[in-house]
Amino acid sequence: MTRGSEEEERPAHRGGAEYSLQFLSAAGRLLSQKRRSMRRLLRDAVRLTTAYGMASFCLVDLLTRDGRPRRWTAVHQDPSLEGRLRSLATHARSDTACSPLLDVIHTGVSRLFVDYPVELRRQVATLPEPLASLEEFKPRSVLMVPLRGRQRVLGMLLLGRCAPEAPYGSRDLQVAEEFARRVVAAMENLRLLRRAQRAERKARFIARASEALAASLDFRATLDRVARLAVPVVADLCMVDMLEEDGTIRRLAVAHRTPGRAAAAWELEHRWPSRLDDPYGPGRVIRNGQPELRGVVPTTKLNLAARDPEHLRALCSLELESYVVAPLQARGRTLGAITFAYAGSHRHYRKADLRLAMELASRAALAVDNALLYRASREAVRLRDEFLAVASHELKTPLTPLNLRLQSLRRELERNGPSVDAARLKEHVTVLQRQCKRLSTLAESLLDVSRLEAGQLVLDLEYVDLSALAREVASRFVGQSLRTSTPLEVRAVEPVVGHWDRIRLEQVVSSLLSNALKYSTGHPVHILVERVSSGARLIVRDEGMGISPEHLPRIFDRFERAVSAEHFGGLGLGLYLTRHLVEALGGTIRASSEPGRGATFEVDLPLASPAP
């Protein structure tokens, strides 16, 4: 409504029912118009009070989240005084002074002071600051009307009349209360409209994010796109952090409504990465698996989260006003966390926003889990194909000399008949036995893997001297050590007797010794058996090529190997079976190595294995 149209619609005299109806009619028309801003809605509405002579000036205070009155707008018949009027003090949250303003807010009951401030001074010995400063505008009559919502008081209207206007009466109070009801209705409608618009924006965001999550199995690129979609629809800043296998937290994506400010979040991650023992933020959420909502971020929280003064300054530079962190959980595991934050836009998260964050986090976690499963399945297929290729080669390796020896033996028999050379025949049989044993070992390894996978590995426990067993196994490898010029040293003098499965323990010693001889050709191999406080210890150490640090953590996994299968044979099952056999006997195995300085495998066993 323009100021000209307001002048045309004003009544000729300011009084009577016609005046009240015209004022309320104008207010109804104005409040029914669509508004995008609550402040503009209130400003335009209360300006009608001065335009129609309902007040010489009008103040509007709304309650903040913590219950403190806050000045939203102020109008005066003299526009030059409006700035001063808006700057008048309001009551603090902790103010306990006797004040009609607080009474109206707390009780929701209007107050009328016909003769102001005389009537007020009769009730209050000392005027509180907000009312004392009001006397600067010389009101002769004042109305204080609450803005009552459905469940609580939202704020208050203060209307003042100055001379020569007539003082307020009971009819003016009724008109003001009706005006307040219409203002509240318009405020509620605007809030409902905003809520619906926010819900629509969030629904569109969830739909677009879901589309992005389903578009690719590259979860890193997908999470980066989701973070960018979140800004500025549901956040000013969005960050995604993932939990690594070693327990560290790595940031994968950052998006900020001001692109240049995203660098600050990356710098924070680089210099002060999130940790699982953090009291707040992604570290805490990943550790506990529970979301974290901060409607307001006080400075004290930043002080507690900061690790040093420089870290505190970096956190403050983000200008965090509110944030919510939701865990990325799938199949009972917490994979990481996604953080939404408002920074500089004067917005705050509520419990309803937490539901949105959890919904998105659930979908993102499912997408990440699917991507990880897909990657794991591809890796499993790769390992299977590699294993089949290696297994085919390994099975053919003994079959070829076995077949050649059989052909040679057949020719020998056909040519010489009964006069076959016994030494020659014995040599053929020895080679045949060795190749058959190799085939048997390969088949037994595959069978043991099947038993382990099915949980059908059975232990046949008896008392075994580990020292004697180590010497016996080492004696079987003397021929190989001589052929490869690899010195073999065994230190197992003291008997170390325990209740173990002899065959399985023999497999452990044989596997470790065979592995050492394979990768330490020409370099000494040492075996040590000793008694320790926890039971028995077996150490197999070689001085060969060693193991690279990146391969060391996974050498006990199935089909894993630290070197190429092209240069060293084997199915990649030896150490995998060894670890499981040691664990079945109740023990532990660990490896240490440096490239070029050999490898050491240390097995600790209790003297009594778990009951089968």
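This is a predicted model: local features need pLDDT of at least 70, side-chain atom pairs count only at pLDDT 80 or more; totals for chains, interfaces and linings use all residues.
Close-up 1. Beyond its neighbours within four places in sequence, aspartate 61 is in contact with Pro69, Arg70, Arg71, Trp72, Thr90, Gly155 and Met156. Aspartate 61 belongs to strand β1, which spans residues 57-63. Its relative accessible area is 9%, so the residue counts as buried. The side chains of aspartate 61 and arginine 71 are joined by a polar contact of 2.5 Å.

**Close-up 2. An open sheet of five strands.** The strands follow the order β7-β6-β10-β9-β8 and pair in the antiparallel sense. Strands β7 (249-256) and β8 (292-294) form the edges, each pairing on one side only. From one strand to the next, the twist averages 15 degrees.

**Close-up 3. The pairing of β6 with β7, and the helices α9 and α10.** Seven bridges link β6 (residues 237-243) to β7 in an antiparallel arrangement. Cysteine 238 stands opposite alanine 255, a residue of β7. Helix α9 (residues 219-230) packs on the sheet and touches β6, β7 and β10 (333-343). The direction of α9 makes about 40 degrees with that of β7. Helix α10 (residues 262-271) lies across β6 and β7 and runs at about 170 degrees to β7.

**Close-up 4. The buried residues and the start of helix α16.** In α16 (residues 466-476), the buried residues are Leu466, Ser467, Leu469, Ala470, Val473 and Ala474. These residues lie on the same side of α16 because they cover an arc of only 160 degrees around the axis. In an α-helix with 3.6 residues a turn, residues three or four places apart point the same way. At the start of α16, a side-chain oxygen of aspartate 465 comes to within 3.1 Å of the backbone nitrogen of serine 467.

Note on methods. Residues are numbered from 1 along each chain as its sequence is written. Side-chain values use heavy atoms; hydrogens and water are left out. Buried means under 20% relative accessible area, exposed over 50%, partly exposed in between (1.4 Å probe, protein chains only). Helices (H or I, at least four residues) and strands (E, at least two) are DSSP runs, numbered from the N terminus. The arc is that of the directions from the helix axis to the C-beta atoms. A polar contact is a pair of N or O atoms within 3.5 Å; within protein, one must be able to donate a hydrogen and the other to accept it, and residues adjacent in sequence count only if both atoms are side-chain atoms. Contact means heavy atoms within 4.5 Å. Two strands pair if DSSP finds at least two bridges between them. Axes are lines fitted to C-alpha atoms, for helices over the stretch in contact, and angles run from 0 to 180 degrees between N-to-C directions.
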